[in-house]
Amino acid sequence: MTRIAFIGGGNMARSLIGGLLKTGISASAMTVAEPRAEARQELGRDFGVACFAESRLAAAEAQVLVLAVKPQIMPALQGELRDTLQRNRPMLISIAAGVRVDQLERWFGGLLPIVRCMPNTPALIGAGATGLYANARVSPPQRAQAQHILDAVGLTQWINDEALMDTVTAVSGSGPAYFFAVVEALEDAAVAQGMPRETARALAAQTCLGAGRMLTESGEDPGELRRRVTSPNGTTQAALESFAADGLPRIVSRAVAAATQRGVDMAAALDNAS
Ligand SMILES: NC(=O)C1=CN([C@@H]2O[C@H](COP(=O)(O)OP(=O)(O)OC[C@H]3O[C@@H](n4cnc5c(N)ncnc54)[C@H](OP(=O)(O)O)[C@@H]3O)[C@@H](O)[C@H]2O)C=CC1
Ligand SMILES: O=C(O)[C@@H]1CCC=N1
């Protein structure tokens, strides 16, 4: 039985643990390191996993360590995990935004198999999207193991060029927030026209779900699906012309560029600090 230790028991770790339990992995195969006593209690109660205040105790028997702390915390883990890593040589799976494989190798050891990945919060309901990148030390079985862990919470895509991991973060890692922001704006627009907020929310949220399902289930091009909604000189055309006049593609591309750059900058800040 492969033992998996989560270092950090916050939102993303909870999503992954919940997903893994649903695939049939036993709670006894997982441990969690989490400094907050209340969070440890909740993890134990909700998932039946053993929780520890100290990372080295959670990691002691693990073949796979999922590093699920905030990027700024990552360098501090090296002291806590040094002995365990030297003894067990586990595979590391980092989910931290921005943090590069060469940084992980520097902090935790260049000989370790390391997977850098970027999931997203819909992982909580098994509808996540994750990009994964592996260093040269990751063997084919370890690659399959990492994919199995992330497959438990949704779709996975291997990325061959690590520089694109910041793009993954900007597109699907942060992406759920963009769609929530669009739903908020749609809702506000409907309310401004006199619609009750609950009605506006229900219509906007179901439209988001329906459009997403059409896209993923039909396999059709989004442009084609858009054209099918758009009657000549109809209401959709009026809205899309307004979007075009306001420069929607440029707005989106600038936002994705800003998120990508923030990932790069977050990693650079860690270079300067560590
Ligand atoms: N939220 C998102 O949408 C996504 C986040 N990510 C990445 O996932 C990572 C975790 O994010 P998220 O789950 O949202 O964050 P959370 O803050 O919810 O979880 C991180 C947890 O790690 C704990 N922690 C802090 N220091 C240590 C330590 N030394 N040892 C063990 N645990 C520690 C924190 O405890 P305490 O609260 O006491 O500090 C907290 O419970 C981040 O690196 C983020 O970039 C990736 C994809 C999507
Ligand atoms: O905002 C962030 O930095 C994290 C990474 C992707 C989603 N949330």
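A residue counts as buried if 20 or more other C-beta atoms lie within 10 Å of its own, as exposed if 12 or fewer do, and as partly exposed in between, with C-beta atoms placed from the backbone. This is a predicted model, in which local features need pLDDT of at least 70 and side-chain atom pairs count only at pLDDT 80 or more, while totals for chains, interfaces and linings use all residues. Residues are numbered from 1 along each chain as its sequence is written, and chains are lettered from A and ligands numbered from 1 in the order in which they are written.

**Whole chain**

Start with the C-alpha trace of the protein chain, which spans about 70 × 40 × 35 Å along its principal axes. Colour by secondary structure to see 12 helices and 8 strands; these are DSSP runs numbered from the N terminus, with helices being H or I of at least four residues and strands E of at least two. Of the 274 residues, 33% are buried. Two residues are in contact if their C-beta atoms, placed from the backbone, lie within 7 Å. Among contacts between residues at least 6 apart in sequence, 68% join residues at least 24 apart.

**Two domains**

Select 4-164 as domain 1 and 175-263 as domain 2; these bounds come from an automatic or database domain assignment. Their centres, taken over C-alpha atoms, are separated by 33 Å.

UniProt, in an unreviewed entry, places "domain: Pyrroline-5-carboxylate reductase catalytic N-terminal" at residues 3-98. UniProt positions are in the numbering used here, feature names are shortened, and annotations may be inferred rather than shown by experiment. Residues 3-98 are 42% helix and 20% strand, with end C-alpha atoms 26 Å apart. The unreviewed entry also places "domain: Pyrroline-5-carboxylate reductase dimerisation" at residues 162-264. That span is 83% helix and 0% strand, and its end C-alpha atoms lie 12 Å apart.

Next, select F6, in strand 1 (residues 4-7). F6 counts as buried because it has 32 C-beta neighbours inside 10 Å. Leaving out residues up to four places away in sequence, F6 touches A13, I17, M30, V32, V66 and A68. The C-alpha atoms of F6 and A33 are 6.2 Å apart, although 27 residues separate them along the chain.

Move to V66, which touches I4, F6, I7, A13, L16, I93 and I95, with the sequence neighbours up to four places away not counted.

A nonpolar core is a set of buried Ala, Val, Leu, Ile, Met, Phe, Trp, Tyr and Cys residues joined through C-beta atoms within 7 Å. The largest has 55 residues, of which I7, V66, L67 and I93 touch the most other members. Helix 1 gives the most to this core, with 5 residues.

**Ligands**

Show ligand 1 and the 28 residues around it, of which G8, G10, M12, A96 and A97 come nearest; a residue is near if its C-beta atom, placed from the backbone, lies within 6 Å. Helix 1 (residues 11-22) gives the most to this shell, with 3 residues.

Then select A97, T169, G173 and S174, which surround ligand 2.

**Helix 7**

Finish at helix 7 (residues 165-173), where 7 of the 9 residues are buried. Those buried are M165, D166, V168, T169, A170, S172 and G173. Their cover includes strand 6 (114-118), strand 7 (128-134), helix 8 (175-192) and helix 12 (248-273).
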